[in-house]
Amino acid sequence: VLLVGGVSRDVLGDFSSVVNDPGYLSFSEDAPSFRGNLKLPKRVEGVSVENRPPARVLFEDYVNHDTRLLNSEAVQRTIEDFQETHAAHLTAYCVKELVEDYDGDVRDPDSGEPTPAFLAMTDEAAEECRNVPKAILEKWEERKDYAAYRFVAERLAEAHQVAGNLNAAGVTIDEFNEDLPDVTSFKRSLFDALEVSESLRLDHAGVTNRSHGLRSLFSLLRNYMREHRLQIGRPEATNLLVPESRAELYPRQRFFSPDQLNSYEGDLAQLDPPNSGFWRKPTWDISSFSMTDYNRLGVSSLRHHRDKDQFETIDEQVEAIIDKTVPIRVVYEPDELKGRTPKVTVKLDNQNWKLKYVTDKRSTKRQTSPSKIYQKRWLGSEVNVEPVVNHLAAAIGYTVDPTYYQERVHLYFKNKVYKGPASEREARFLDARAEMISALASVYPDANVASAFQNIRIDEDGRRFIEVRSATLEKKSDAASDINLGYFVRGGYGKSFKREFRAFGVFLAWISDPDIKDANVKAKLVPVVESDGGDGYRLVYSASDMGGALGAGFPNLLGKDLVRAIGRDLRGRPVAVHFTFRSIYPAPLLASASFADARWIARMIGQLSRDQIFEAFQYAGCPDVVARYYTEILLRRRDQLLASLGLMGKEVVGADGRVLRFVPLSRIENPRRFHVEGEADYFRRGFLRDRSQALFDSSKTYFPRHWGTKYPWDR
């Protein structure tokens, strides 16, 4: 898996601290339902959770409310429910295997209903799968996701054993904030098991929170019209670490309790959560983080596979990937694709990568309805967005799937295409190209994917390839070792009580990413070497697929203002910050963020410099005037965020010990009159205009990007 910093202990920290968190097992409104596939134990009757602070609803389903001790029988019921779920998934897999060779009509062409013959074969397969045949069982156990099922079973068994030990030792729920090894072990085991179980359930059910049709359109519009804001009175995060300087005041305690936070005299915004698979405290100076190579934190994950035909050494290959000016040679790999952004799977040696590319939207049918807008049929390309937002997130410590911008990618086909006489090689190449375009066009019918693969070149060996200009490469999970669980639920399992998750909603508001559905974040199991020398897995998350941010690639669509209004009490103190940010999906994390959470992440965002932000846009292929314009907008939004939270003029100490004072950085004084210095001809009423396509550089891309777009019909 391609994660910034990899998964080494020195970067992510001791994983035991990831889940030593009193909030993650809170099954209040923020916990997802298993919908009958993996039932959690029933709530204790008469126990109300709505009006109780977060710390008081911990482990509700796993605690005996009379003795305040863990109930190991509740864990046993979860084990039994999971076993039923595993059996159901195995049975479904068995049926699918037995009917996959069915060569008749699956559905009636008139009614669309399954044909009687297909139903009969399915019923016969279901009967046979009551006792799964040994051959199918062996195939099931060879599947990569079976390791995830085994991971859950092992974690639940560990949790059950530890729960019994804690019960016997009389450890009450009120002692769970103390740094007890057995408590940490229980939390880690049960949290991991439930989180992975949920991901497996969602993947098995094919569930996403994205649907189609008129009903879903109204849902998107309703979400888009909903205001997002910070407001006073929200409970603080429950995973805030006791600083070392205060350790003497809180002996044997790792986290603050809610009561202690209410009486804490220090700045809550300076309290960090533990390092985790989603965020880790930056050990680098944020203001000097490189925006062209992720500060080289992801280099270790690029060293696993070397294309021996293309590069002499692995170092040469790594530098070529990082250097956007060096053409990379990749091989087309047929793969099952999805989503709305045009992409294709390619191989570098034997490792799969995701290649995103720019297409010619001028020849697609113009659509102006909201549904077409949201489907990105007229919007810009994520190619110029993802490298920017991924670098920004990585700079402040969040885990991302690094996306590397490439000015040129040379796309080849498999070796069999290049064998035989020259005339046959040409015919096979054209056939392979046509087959690829046909497959991609069926997945992205409105993207005009054929336009991206028209530029055929011949290398020094006489082999034809397709030159793709302005593209990104993102390494896929290592098929030999990593387990891609699919997406995770943003608001589940106490994430609404964890600072790093809650605060991330503020980051998404800053970059204005409206497409915040759960399907855009990923959970993965990554192999690691445990401290005892054995092999194991760690659960990690990645803040991926933020390509809808920054106006979807058009700076005029990114609002210059982040804060719409600030509500104050009679003394003038802020009690609410109203954002201009809109999202087409619910934002549960931002809805749970407190002022302290927002100040915590704003202190990191505020350390990013003008040069860094400009460097990120320039690296991602934006013309200089566009990069400067984007930079000023993000800086203005940054200034408003800092000012609304009372951070302007405050000081922060960087990881290198330097003291940084927050001051306004944006040069936008009047949004209606702003223009980039020396580039007034490109601006009108504060917006970028380029009707003559003067910003089009054919050496970097084949198609005009319409950087000055403001409306769907204004291309």
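# Chat about the predicted model

Q: Is A552 buried or exposed?
A: A552 counts as buried, because its relative accessibility is 9%. Buried means under 20% relative accessible area and exposed means over 50%, with partly exposed in between (1.4 Å probe, protein chains only).

Q: What kind of model is this, and how are things counted?
A: This is a predicted model: local features need pLDDT of at least 70 and side-chain atom pairs need 80 or more, while totals for chains, interfaces and linings use all residues. Numbering starts from 1 along each chain as its sequence is written, and side-chain values use heavy atoms, with hydrogens and water left out.

Q: Where does A552 lie?
A: In helix α14, residues 549–552. Helices here are DSSP runs of H or I with at least four residues, strands are runs of E with at least two, and both are numbered from the N terminus.

Q: What about the phi of A552?
A: A552 has a positive phi of about 55 degrees, although it isn't a glycine. For background, most residues other than glycine have a negative phi.

Q: And what does phi look like at N295?
A: N295 is another non-glycine with a positive value, near 55 degrees. N295 sits in the loop between α8 (258–262) and α9 (314–322).

Q: How exposed is N295?
A: N295 counts as partly exposed, because its relative accessible area is 27%.

Q: Zooming out, how many helices and strands does the protein have?
A: It has 18 helices and 18 strands. Of the 715 residues, 55% count as buried.

Q: What share of the contacts join residues at least 24 apart?
A: 73%, taken among contacts between residues at least 6 apart in sequence. A contact means heavy atoms within 4.5 Å.

Q: What pLDDT does the protein average?
A: The average is 80, and 84% of the residues score at least 70. pLDDT is the predictor's confidence in each residue, from 0 to 100.

Q: Where does pLDDT stay under 50?
A: Residues 1–58 are one such stretch, and the model has 180 contacts for them beyond four places in sequence. Residues 366–378 also stay under 50, with 37 contacts beyond four places in sequence.

Q: Switching to helix packing: how do α13 and α16 pack?
A: α13 (residues 499–511) and α16 (residues 595–605) pack at an angle of about 60 degrees, with their axes 9 Å apart. The axes are lines fitted to C-alpha atoms, over the stretch in contact for helices, and angles run from 0 to 180 degrees between N-to-C directions.

Q: What do you call that arrangement of α13 and α16?
A: α13 and α16 are therefore oblique to each other. The cut-offs: under 35 degrees is roughly parallel, over 145 roughly antiparallel, 65 to 115 roughly perpendicular, and the rest oblique.

Q: Which way does α13 pass α16, left-handed or right-handed?
A: α13 passes α16 in a right-handed crossing. A crossing is right-handed if the near helix is turned clockwise from the far one by less than a right angle, and left-handed if anticlockwise.

Q: Which residues of α13 and α16 meet?
A: Among them, F504, F507 and W510 on the α13 side, and W600, I601 and I605 on the α16 side.

Q: How many residues of α16 are buried?
A: Ten of its eleven, which leaves α16 mostly covered. The cover over the buried residues includes β3 (229–231), α13, β14 (574–579), α15 (588–592), α18 and β15 (651–653).

Q: And how many are buried in α17?
A: α17 (residues 610–619) is mostly covered too, with seven of ten residues buried. R610, Q612, I613, F614, A616, F617 and Y619 are the buried ones. They pack against α9, α11 (386–395), β7 (403–412), α14 and α18 (624–644).

Q: What comes just after α17?
A: G621, which takes a positive phi of about 90 degrees.

Q: Last topic: where is E467?
A: E467 is in strand β9, residues 464–475. E467 counts as buried, because its relative accessibility is 7%.

Q: What does the side chain of E467 make a polar contact with?
A: The side chain of R469, at 3.0 Å. A polar contact is a pair of N or O atoms within 3.5 Å; within protein, one must be able to donate a hydrogen and the other to accept it, and residues adjacent in sequence count only if both atoms are side-chain atoms.

Q: Which residues is E467 in contact with, leaving aside neighbours within four places in sequence?
A: R408, V409, H410, A452, N455, R457 and Y702. The C-alpha atoms of E467 and R457 are separated by 6.7 Å, and the two residues are ten apart along the chain.
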